[in-house]
Amino acid sequence: MGTSMCAHLLTEGYTTTVTTRTRAGADGLLAAGAAWATTPAEVGAVSDIVFSMVGYPDDVREVVLGTDGALSRAHTGTVLVDMTTSEPSLAREIGELAAARGVFALDAPVSGGDVGARNGTLSVMVGGPVDVFEAVRPCFDAMGSTVVRHGDHGAGQHAKMVNQILIAGTMVAMAEGLAYAYRVGLDIEQVLASVGSGAAGSWSLANLAPRVVAGDFAPGFAVDHLVKDLGIALREAERAHLALPGLALADQLYVALQAQGRGRDGTQTLVHALASLSGLAWPPPPRG
């Protein structure tokens, strides 16, 4: 996703310096005119705005706050924008540590998956000072079609947790619906045509259910990453003394997928966890 997002900034004419864990991962961006840096610190030294998009909170801590992290060499007035889905508490910590060095920070996780990243139609959920948000807004607009500031540091991450809670419940419902259609002998593609435009319609149903029917479980967003997100949401809910049993159920079903060796598959793989409870194989055999 980060590669596609950076490509939109290049298209808009921004001078861009990039670093990735392996240089080959940036080949397309370098061919399009981006400069290469060997560490996040080098990116911080030459950039007015630093965007990070990595996998896990520990990765965020390394690339932003680590010895070779972007903050270590950022100049006064630099803006650090973490677009990883991460912990609200870490976003607040980055904001405080950045401010102590005369640097600004925003947390700006996104939703829309690989398709939204490629098409520049992501939803960007932002936390941080309003004036800093407005300064960075043109960059967000290059990457997304919906850009909303939700409050101070950490608020963007909390908004993303709402997004992930909604997705988790929707994915369980989608997988259960498809399993039901299969078990009772319906033509699943016809069922999708019937229900997709009605009250049951959703982004997951429109974009992921066809992949499930086709047996395509390649990751647009991986099971491992969703389990990470749901774990953050559950911990934040516990801190807020909030019972979310639907979220806990979805988390356990996705953990079951990890146990089945499907952690690197796409989140639509959830149908396997539910089908296995009823002795169903997926994808269904071709209709005769």
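**Cysteines**

I began with Cys6, which counts as buried because its relative accessibility is 13%, below the 20% under which a residue is called buried. I keep in mind throughout that this is a predicted model. I then asked how many disulfides a search of the whole structure finds, and the count is zero. Cys6 is accordingly in no disulfide, and the nearest cysteine sulfur to it, that of Cys139, is 10 Å away.

**Overall build**

I next looked up the secondary structure and found 14 helices and eight strands in the protein. The radius of gyration is 20 Å, close to the 19 Å that the globule rule gives for 288 residues, so I recorded the protein as being as compact as a globular protein of that length. Along the principal axes, the C-alpha atoms fill a box of roughly 65 × 45 × 35 Å. Of the 288 residues, 45% count as buried, and the protein exposes about 13500 Å², of which carbon and sulfur atoms supply 54%. Among contacts with a separation of 6 or more, I found that 67% are made by residues 24 or more positions apart.

**Helix H8 and the cores**

Does the span of helix H8 agree with its residue count, or disagree? H8 covers residues 155-183, and its 29 residues at 1.5 Å a residue should span 42 Å; the end C-alpha atoms are 42 Å apart, so the two values agree. After H8 comes Gly185, for which I noted a positive phi near 90°.

I then turned to the largest nonpolar core, which has 32 residues, and in which Met174, Leu178, Tyr254 and Leu270 touch the most other members. At least two residues of this core come from each of H8, H9 (188-195), H11 (209-214), H12, H13 (245-259) and H14 (270-277). The largest share, eight residues, is supplied by H8. For Met174 I listed the contacts beyond four places in sequence, and these are Ser204, Leu205, Leu208, Ala209 and Val212. There is also a second, separate core of 20 residues, with Leu9, Val81, Met83 and Met143 included in it.

**Asp229**

I looked up Asp229 as a residue of helix H12, which runs over residues 223-239. Is Asp229 buried or exposed? Its relative accessibility is 0%, so Asp229 counts as buried. Leaving out residues up to four places away in sequence, I found that Asp229 touches Thr85, Met161, Gln164 and Phe221.

**His75**

My last entry concerns His75, which sits in the loop between helix H4 (57-65) and strand E4 (79-82). Its relative accessibility is 32%, so His75 counts as partly exposed. Which residues is His75 in contact with, leaving aside its neighbours within four places in sequence? I found Gly44, Ala45, Ser47, Asp48 and Val103. For Ala45 I also noted the C-alpha to C-alpha distance to His75, which is 6.6 Å, although the two residues are 30 residues apart in sequence.

How values were computed:
Residues are numbered from 1 along each chain as its sequence is written. This is a predicted model: local features need pLDDT of at least 70, side-chain atom pairs count only at pLDDT 80 or more; totals for chains, interfaces and linings use all residues. Side-chain values use heavy atoms; hydrogens and water are left out. A disulfide is a pair of cysteine sulfur atoms within 2.5 Å. Buried means under 20% relative accessible area, exposed over 50%, partly exposed in between (1.4 Å probe, protein chains only). Helices (H or I, at least four residues) and strands (E, at least two) are DSSP runs, numbered from the N terminus. The expected span of a helix is 1.5 Å times one less than its number of residues. The radius of gyration is taken over C-alpha atoms; the globule rule is 2.2 Å times the number of residues to the power 0.38. Contact means heavy atoms within 4.5 Å. Accessible areas come from the Shrake-Rupley method with a 1.4 Å probe; for residues, only the protein chains shown count as cover. A nonpolar core is a set of buried Ala, Val, Leu, Ile, Met, Phe, Trp, Tyr and Cys residues joined through side-chain atoms within 4.5 Å.
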